Amino acid sequence: MQIGIVTFVTDEGIGGPKLGVALEERGFDSLFLAEHSHIPASRATPYPDGDELPRVYYRTVDPFVTLGAVAAVTERLILGTAVTLLIQRDVIHTAKEVATLDRISNGRFVFGVGAGWNREEMADHGTDPRTRGALLDEQLEAIRAIWTNELAEYHGRFIDFDPMYSWPKPVQQPHPPIFVGGGEAGARRAIRHGIGWFPTAITDPAAVPAQLAQLEGNDLPVIAGAGPDPALLDAYAEAGVQTVVLGLPTTPEPETLRTLDEFAELANRYRS
């Protein structure tokens, strides 16, 4: 089983390139970064975890720029987003960013996407929260058309463009792996599109079988987020999950490196 890291990179914690180098040195397989363009001051939408919104949400750096810098100083580390808030983005620009990053990294990018939860953040981008799921479905279809067709076009309810050219194409063929985040709705979307699933993190090892059962028997790749709990990692390993990413707190460099040393000892038990 591959073990990676998922985290928020901010202007107050370890920088992306130093983090990437540290991960490769310790044998981790991947680095996934979160995305939030901004946090509206109204804070009308409750934080899904129920507590006060953590400081990292306010200070998150752009994941594509950061992963480009990480790609330049690493050789084998898989680089991904967990997740890109695609429903807040222009799909044509994002297709080019992903293809460019896949080329910069020589085919090491994994595209994690999600429908988001902060309704005010969506609205500031002109996205109607009520139709964000349908929008995401069209974006996934359109972006794959851009990556895989020399002459791409798409005509939907939300996304509409006439025949167009867009290069570069990604290194990975037919395109970088796509993983959609979320709970039951995310699982259903992964099934519909035949892509990977990045399920909402759980803490109870006994809940793993029921969580994975949401894929309804479909053999789709899964990237599971988890805390450094051996029992939870054992449950995912026994279930055949190929990749687990450990949630790394956002802290200054010395503290981060100490935490990574501890995580690496745990990760070594599951190397495949």
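**View 1. Glu 253 and its salt bridge to Lys 18.** Glu 253 is partly exposed at 31% relative accessibility (buried means under 20% relative accessible area, exposed over 50%, partly exposed in between, with a 1.4 Å probe and protein chains only). Its salt-bridge partner is Lys 18, and the closest N and O atoms of the pair are 3.3 Å apart (a salt bridge is a side-chain nitrogen of Lys or Arg within 4 Å of a carboxyl oxygen of Asp or Glu). Lys 18 lies in helix H1 and Glu 253 in helix H9 (residues 253–267), so the pair links distant parts of the chain, 235 residues apart. Helices (H or I, at least four residues) and strands (E, at least two) are DSSP runs, numbered from the N terminus. Lys 18 counts as exposed, at 52% relative accessibility. The model is predicted: local features need pLDDT of at least 70, side-chain atom pairs count only at pLDDT 80 or more, and totals for chains, interfaces and linings use all residues. Residues are numbered from 1 along each chain as its sequence is written, and side-chain values use heavy atoms, with hydrogens and water left out.

View 2. H9 has 15 residues and spans 20 Å from its first C-alpha to its last, close to the 21 Å expected at 1.5 Å a residue (the expected span is 1.5 Å times one less than the number of residues). Its buried residues are Thr 256, Thr 259, Leu 260, Phe 263, Ala 264, Leu 266 and Ala 267. Seen down the axis of H9, these buried residues fall within an arc of 150 degrees, so they line one face of the helix (the arc is that of the directions from the helix axis to the C-beta atoms). The face turned away from the buried side carries the exposed residues Arg 258, Glu 262 and Glu 265. The cover over the buried residues of H9 includes S1, H1, helix H8 (230–238) and strand S10 (243–248), where contact means heavy atoms within 4.5 Å.

View 3. In H1, the buried residues are Gly 16, Leu 19, Gly 20, Ala 22 and Leu 23. They cover an arc of only 165 degrees around the axis, which puts them on the same side of H1. Lys 18 and Glu 25 are exposed residues on the face turned away from this buried side. The buried residues of H1 pack against S1, S2, H2, S10 and H9. After H1 comes Gly 27, which has a positive phi, near 85 degrees.

View 4. Glu 12 and Arg 55 form a salt bridge in which the closest N and O atoms are 2.7 Å apart. The pair links distant parts of the chain, 43 residues apart: Glu 12 is in the loop between strand S1 (2–7) and helix H1 (16–25), and Arg 55 is in the loop between strand S2 (30–33) and helix H2 (63–73). Glu 12 is partly exposed at 37% relative accessibility, whereas Arg 55 is exposed, with a relative accessible area of 53%. Salt bridges that share partners join Asp 11, Glu 12, Arg 55 and Arg 59 into one network. The count of salt bridges comes to 13.

**View 5. Asp 137 and Arg 189, a buried pair.** The side chains of Asp 137 and Arg 189 meet in a salt bridge, at 2.7 Å from N to O. Asp 137 lies in helix H5 (residues 132–148) and Arg 189 in helix H6 (residues 184–193), so the pair ties together parts that are 52 residues apart in sequence. Both residues, Asp 137 and Arg 189, are buried.

View 6. Leu 151, Tyr 165 and Trp 167 make a nonpolar surface patch of about 370 Å². Patches are made of residues with over 30% relative accessible area and no salt bridge; like charges are joined within 9 Å, and nonpolar side chains (Val, Leu, Ile, Met, Phe, Trp, Tyr) within 5 Å. Accessible areas come from the Shrake-Rupley method with a 1.4 Å probe, and for residues only the protein chains shown count as cover. Trp 167 is partly exposed, with a relative accessible area of 46%, and lies in the loop between strand S6 (160–164) and strand S7 (178–182). The peptide bond that joins Trp 167 and Pro 168 is cis, with omega about 5 degrees.

View 7. The peptide bond from Ala 82 to Val 83 is cis, with omega near 0 degrees; Val 83 lies in the loop between strand S3 (78–81) and helix H3 (91–104). Asn 106 is not a glycine, yet its phi is positive, near 60 degrees. Asn 106 lies in the loop between H3 and strand S4 (109–113) and is exposed, with a relative accessible area of 62%. Glu 216, also not a glycine, has a positive phi of about 55 degrees. Glu 216 lies in the loop between helix H7 (208–212) and strand S9 (223–226) and is exposed, with a relative accessible area of 60%.
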